[in-house]
Amino acid sequence: MRAAVQVGYGSSDTSLLVREVTTPRAGPGEVLVRVAGSTLNRKDLFALANLTGPGIRARPPLPHVNGTDAWGTVVAAGEGVDGWHPGERVVVYPGLYCAACEFCVRGETSACTTYGVIGEQCWGGHAEFITVPPRNLERIPEGLGPEALACVGGSWLTAWRALISVASIRTGETVLVVGASGGVGTAAIQIARAAGCRVIAAVGTQWKARRAMESGADAVVMADEPLKESVMALTTGRGVDVAIDSVGGAGWRDTIGALVPLGRMAVCGATAGDAPSISIREIYQSHRRILGAPLGTRAEFTALLRAFAAGRLAPVVHAVVPLERIHEGLRLLERREIFGKIAVAIGEA
Ligand SMILES: [Zn+2]
């Protein structure tokens, strides 16, 4: 099969090669899926850079195939797999979970004691075929196109959990989306809007500000404006009820400062840095709640898929690149020249 194979660390130009590799087989308890499409995520860049540190899971040795998201068609079911048949169209839940530990039994599959992510701990979706546990498969509802499927994956699932399950957004609340042009951010705008919230989007450039407004934001704050003061001006000095921040870094403190007393901040990424400087008093003296929210659960994945199928969410896809030109997509992601997901077209849908 053709696959984007990581063979080294550093620039994708030299460490990622699109080439032939052995097509996997469905082993016991596995399903073989012919991949129609995948997406790019910032974690693909982290893998190429061999990023390490607190909260970063160990990666298997190279060569490796990245790609957290995948949808396509069932080709074969391995020994002991019931209920899945060749030709069924499926989308893959990106979390690897045991289904038996304390957290899985509670439904918290992304807190599994042996938790991993497809494309990280096993080969991922940047290939023509992938093998996955059947519990990760969800049938694709009729009428759901490739743009929506590019959004039923890690980024949107993270935003869904952060806002719906963790921050528990309610109709009429104001939500600040930091890093509003990325995969998680563009998802957060849509999900908050669909929940009846007012959305303030923080973005870096004018064209992204335009796109954020077109996609449903009620107001934008530019990166060269002081975030906290701008948010206060937009909320008559009150602050936002909820913030979602997948960026971290030096701006993290301002995100906290933009919260109303008792406000909630969902933290789901650290693409700009994971060790901001912050006074603890800024958190507890204002009753602010900092909530960790990585990938959503298996049940939340189903809920996200149903929301798309019901037309409650509109996909936000910046570009589609074929597998053979995956490097072009990675460069866009690296330069942050995106508004929404970059989808990777691999096989027939
Ligand atoms: Zn588990």
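Residues are numbered from 1 along each chain as its sequence is written, and side-chain values use heavy atoms, with hydrogens and water left out. Because this is a predicted model, local features need pLDDT of at least 70 and side-chain atom pairs count only at pLDDT 80 or more, while totals for chains, interfaces and linings use all residues.

Visitor: At what angle do helix α2 and helix α12 pack?

Guide: Helices (H or I, at least four residues) and strands (E, at least two) are DSSP runs, numbered from the N terminus. Axes are lines fitted to C-alpha atoms, for helices over the stretch in contact, and angles run from 0 to 180 degrees between N-to-C directions. Helix α2 covers residues 42-49 and helix α12 residues 326-334; their axes are 10 Å apart, and the angle is about 100°.

Visitor: Are α2 and α12 roughly parallel or roughly perpendicular to each other?

Guide: Angles under 35 degrees count as roughly parallel, over 145 as roughly antiparallel, 65 to 115 as roughly perpendicular and the rest as oblique. The angle here is about 100°. The two helices are therefore roughly perpendicular.

Visitor: Which side chain of opposite charge is nearest to D44?

Guide: D44 is in helix α2. Lys and Arg count as positive and Asp and Glu as negative; His and the chain ends are not counted. A salt bridge is a side-chain nitrogen of Lys or Arg within 4 Å of a carboxyl oxygen of Asp or Glu. D44 is buried (under 20% relative accessible area; exposed is over 50%, partly exposed in between, with a 1.4 Å probe and protein chains only) and has no salt bridge, the nearest such side chain, 7.3 Å away, being K43.

Visitor: What is the relative accessible area of P94?

Guide: P94 lies in the loop between β6 (89-92) and β7 (95-96). Leaving aside neighbours within four places in sequence, P94 is in contact with residues including T68, N136 and F301. P94 is buried, and its relative accessible area is 0%.

Visitor: What is the phi of A99?

Guide: Most residues other than glycine have a negative phi. A99, in the loop between β7 and α3 (102-105), is not a glycine, yet its phi is positive, at about 70°.

Key: Contact = heavy atoms within 4.5 Å.
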